[in-house]
Amino acid sequence: MDDRESPAMTKVYRFHELGGPEVLKLEDIDLGAPGPGEVLIRQTAIGVNFRDIYRRTGIHAVEGFPAAMGVEGAGVIEAVGENVDGLKPGQRVVAQGAPDGAYAEARIVQAWRVMVLPDGIDEITAAAMMVKGLTARNLLKRCYPVCSSDTILVHAAAGGVGLIMCQWAKHLGATVIGTVGTDAKAEVAQANGCDHTIVYSREDFAQRVREITGGEGVNAVYDSIGKDTFESSLSCLRPLGLMAQFGEASGEPPLVSPRKLGTLGSVYLTHPSLPHYTATREDFETSAYDLFEVVGSGVIKIAIHRTYPLADAGKAQIDLAARRTTGSIVLVTE
């Protein structure tokens, strides 16, 4: 069988060493047929996330080389393996979860990490929203269950996770304070449910949070920035508040003594990881259906800043790392 006849031949990004975007190589491989409990998806759209950059640079561990990249993509099922229920060729689906390999024209994934798409959600939107939307959902509903009496602080409020969190938290009735880098991003955040925006490039966000809250602080801080915001974020909490530090866009945060958490008001600090919140099919389905509901009903709008051809994956990551984007960015194969 030559390459043109193989239904599982695909172009996939792999890297053979850690480094900058230049280490990404678009290579031809034969995926073979899906095994038991697996499905082969011919992808049309792939989500791009900061974790992909962390993996390429070694902040997130790489098991060995060559290594693949990406954990979310949408498309159409092309083949199914044995012992797969409820999925069949021709269905529009979205897949999210390890192992990495979504930066590709096609991908074989475990069936339990695949969801059939509702008619009202297109594949580009689906690819843009799974990691970010599931992250936002579990941060707001499980890590710290936000209610209408709460005031929360969301860093990078105009980013992919941030915009979803602002909308969802507002839907839950909370007061939302968001930090952004520019006035233009402040306008975007405000249009998506952010009650108060702080432009951190010219304002002391911890001081502004205290002013906005009358000195009380916030119930929860959601920080994906890391080193540059970590200590000031902790100081924004009211007694018994919680900080979810879930990303390191500016680098690894400093170590903190447990005793310091007591002196700050017996506050809580956690580093939530999405795989732990969606580790079972039940948890994955519950989170995904919740996300489908708020997106399908229009409660949450998924902002897609730009789509890039699959061949431009390196440029997409450069733009994301430079914070030139708002909302989500997506690679497309067609």
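I took buried to mean under 20% relative accessible area, exposed to mean over 50%, and partly exposed to mean in between, with a 1.4 Å probe and protein chains only.

**Entry: the model.** I worked on a predicted model, in which local features need pLDDT of at least 70, side-chain atom pairs count only at pLDDT 80 or more, and totals for chains, interfaces and linings use all residues. Residues are numbered from 1 along each chain as its sequence is written, and side-chain values use heavy atoms, with hydrogens and water left out.

**Entry: the sheet.** I read helices (H or I, at least four residues) and strands (E, at least two) as DSSP runs, numbered from the N terminus. I treated two strands as paired if DSSP finds at least two bridges between them. In general, strands of a sheet pair through backbone hydrogen bonds, either parallel or antiparallel.

I looked up the strand order and found an open sheet of three strands, E2-E1-E4, with antiparallel pairing. The edges are held by strand E2 (24–30) and strand E4 (67–68); each has a single partner strand, so one side of each lacks a neighbour in the sheet. Strand E1 (residues 9–15) runs antiparallel to E4, and two bridges join them. Which residue of E4 stands opposite Phe15? I noted Ala67 in that position.

**Entry: salt bridges.** I counted a salt bridge where a side-chain nitrogen of Lys or Arg lies within 4 Å of a carboxyl oxygen of Asp or Glu. My search of the whole structure returned 21 salt bridges. I then examined several of these pairs.

Glu203 pairs with Arg208, and their closest N and O atoms are 3.3 Å apart. Is Glu203 buried, partly exposed or exposed? Glu203 has 24% relative accessibility and is therefore partly exposed. Arg208, at 25%, is likewise classed as partly exposed.

Lys227 forms a salt bridge with Asp228, where the closest N and O atoms are 3.3 Å apart. I recorded Lys227 as partly exposed at 44% relative accessibility, whereas Asp228 is exposed, with a relative accessible area of 53%.

For Glu285 and Arg281, the closest N and O atoms of the salt bridge are 3.0 Å apart. Both residues belong to helix H9 (residues 281–296), where they are four residues apart, about one turn of the helix. Glu285 is partly exposed at 26% relative accessibility, and Arg281 is partly exposed at 28%.

**Entry: a network.** I also traced salt bridges that share partners, and these join Arg51, Asp52, Arg55, Glu63 and Asp100 into one network.
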